[in-house]
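Subject: The two-chain model

Hi there,

Here is the structure I promised to pass on. Have a look at it first, and my notes follow below.

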Amino acid sequence: MRKIQYSNMKFSDLRGFSCFFRHFSLLMWFTIFVCGVFASCFKDEPLNAECDIEAVYVHVDHPEELFFSASDTLVNVLYSDDKVIFRVRRGADLTSLAPRFQITEGARIEPQSGSVQDFSQGPVIYQVTSESGEWNRRYEVSFQVVTRTVNDTVKYDFERFYLKSDKEKYYVWNDLNPDGSEANNWATGNGGFYLVKSKSEPSAYPSTVVEDGVTGYAVKLTTSDTGPLGKLRNMPLAAGNLFIGRFDVQNALTNAMKATQFGLPFDKKPVRLEGYYKYQPGENFQDRDGNILSGVTDKATIYAVLYRNKDAEGRPIVLYGDNVQTSDQVVALAKLKDISATSEWTKFDVAFNYNEEINQEMLENYDYSLTVVFSSSINGDLFEGAIGSTLWVDEVRVVCLKIE
Amino acid sequence: MKVTVLLLFLLVCLEAGASGWGALSDSLTYYGRLGYHIGGTAPIGMPASIRSLSKYDIPANITLALDVYRPLQGRWGLMAGLHFGNKGMETDARVKNYHMEMEQGGESIEGFFTGQVITKVEEWVLTLPIRVAYDLSSRFRLHGGPYVSYVFSHHFSGEAYNGYLRQGDPTGVRIDMGYEPETRGTYDFSSHMRRMQFGVEAGFDWNCYRRWGLAAGVSWGLTGVFKSDFHTIEQTLYPIYGTIGLTYRFK
């Protein structure tokens, strides 16, 4: 039995109390210290580590001499881009231009924003260094003379492709302009697939290259399982797609419809969309939640859209996944009906259906944009389709109205 | 399930302690404890990448314990015990360039996140503390010493939202995260958590009424909650919890 003196209960009680309070205050301090670890010791805000060019603009006294339209004086730069291209008129003086840059807050740019540079000899390299000084990015800024589309038929043979980078091992298609400069015309959703299945081989991406084309290489688009990360984001599959425009990876996992920016400026009146395809739908059509819908067969889609790329006030307009076929800006649509299974190269040839007359002056000022879209699942933008559905495409032509 | 079994086991121990074991040795006193944990799993010293705490919730963190006390000399004694309980918290913090990784089924996106990060931690822990006790008075006892814990159920998960991740490093691809559930980034690092932990704890017991008393204390983890080869969260996170509760002296 423990020997405790109980002879003076009252005294003992009081002593207990006083001890309790004495030590309670000690403990309080200790508790406050612990709470401090969680709440109060926030350090000074770290300096910004990013170093992006967000937008570039050029101020010139007579923009119409240099650019096709006032809105071309500003280029918004995607975070994934490292090339900034201004589209300028033939004969424009490019020897002394002073682009201004909107960059990450606190970052520095070299050469400085607003400094006069000579762009006539090709791209000028700008380096942006983060506010923290730890990180930097290099950008190529160029003023590309837009060459008129000479031929009445624009050919897309898909023979020029490469891997995006050492890290991002997926195919990118990029045709050359008549003057030899890069057109940066084709985009795919491969950048989004990379985010969820980064270890995939280039041939396992939804948009890839195959050798047995109609001539040379062809494009192979496959509706693919996006794996556990895709499922987690309620994007259980990715249709293989290829389109004229840009893919903004920034929005790929948040607002996929906004990631596909369709179309690039075009200066002819397209009348027919032609080419070759093969199609093999996948076995099990599934909805967005991954439920297999029996009796539903997947379909591919091939279409082209010509649209007005400015609004009434002259502000630039881009059409996205959710409005590229339905927007009021759409001027003409050429769309294949019923793409069913075929194991042989099958020729397609569809007419552009015009909603309104083409304005020749707008055409010459590049106020129309053209996109051509291929997808292995017609509802791939809604993440519905059959995994394994495969669309092969080659030798695509946009036949334009002949100008005498 | 494991939790329930252990809880039952402990209750049985307490029962046994109350009725039978006490008679075995005159020099031992047994205490039962019921307590409530308040604290968190946090780095020692906030990293600059954590900007502010928007929310801090403590779930019902309970501790149920059986302690045995043996007097040594004068006011000194020894206490050992078996403590069982959970340590949990949920925080929502604003971060800047916070290193993180979204992982699911072997696929991952890793990089630096700026925005809001929710962290949910829950550990069910069986702890064996050995403490030196000092009686300030007949009713007031201080105690402190090391402990070893076995974590038999652990959970560490969360979400990144209203912000963006720069993949790989701050120059990498920027991926936006929204507010809606399907636009958030989620992570689960439960499988990277450590099973064995040790640390120190200190506290006091105040015998206030007959066999009943009040107790308060702090347990300070000296091992991080994650295995040492886990580097996604750059700072080592320690379980640091305060406890308040009731004691009951069985004998």
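B:Arg184 and B:Glu159 are both buried (buried means under 20% relative accessible area, exposed over 50%, and partly exposed in between, with a 1.4 Å probe and protein chains only). Their side chains meet in a salt bridge, 2.6 Å from N to O; a salt bridge here is a side-chain nitrogen of Lys or Arg within 4 Å of a carboxyl oxygen of Asp or Glu. B:Arg184 sits in the loop between β7 (174–177) and β8 (185–188) of chain B, and B:Glu159 in strand β6 of chain B, so the pair ties together parts that are 25 residues apart in sequence. Helices (H or I, at least four residues) and strands (E, at least two) are DSSP runs, numbered from the N terminus.

Before you read on, please note that this is a predicted model, in which local features need pLDDT of at least 70 and side-chain atom pairs count only at pLDDT 80 or more, while totals for chains, interfaces and linings use all residues. Residues are numbered from 1 along each chain as its sequence is written, chains are lettered from A and ligands numbered from 1 in the order in which they are written, and side-chain values use heavy atoms, with hydrogens and water left out.

More on salt bridges

Over all chains, the whole structure holds 28 salt bridges. In chain A, the side chains of A:Asp52 and A:Arg137 meet in one of them, at 2.7 Å from N to O. This pair links distant parts of the chain, 85 residues apart: A:Asp52 is in the loop between α1 and β1 (53–57), and A:Arg137 is in strand β7. A:Asp52 is buried at 1% relative accessible area, and A:Arg137 is buried too, at 9%.

A:Lys258 pairs with A:Asp322, with the closest N and O atoms 3.4 Å apart.

Where the chains meet

The contact (heavy atoms within 4.5 Å) takes 53 residues from chain A and 62 residues from chain B. About 5,200 Å² is buried between them, and carbon and sulfur atoms give 60% of that; buried area is the accessible area (1.4 Å probe) that two parts lose on being put together, summed over both. Four salt bridges are counted between chain A and chain B. B:Lys96 and A:Glu45 form a salt bridge of 3.0 Å, N to O. On the side of chain A that touches chain B, the elements giving two or more residues are α1 (9–39), β7 (136–145), α3 (190–196) and α4 (227–232). The largest share, 16 residues, comes from α1(A).

Most residues other than glycine have a negative phi, and most peptide bonds are trans. A cis peptide bond joins A:Glu110 and A:Pro111, with omega about -5°. B:Asn162, in strand β6 (residues 140–167) of chain B, has a positive phi of about 45°. B:Arg210 has a positive phi near 45° and is exposed, at 63% relative accessibility.

Happy browsing!
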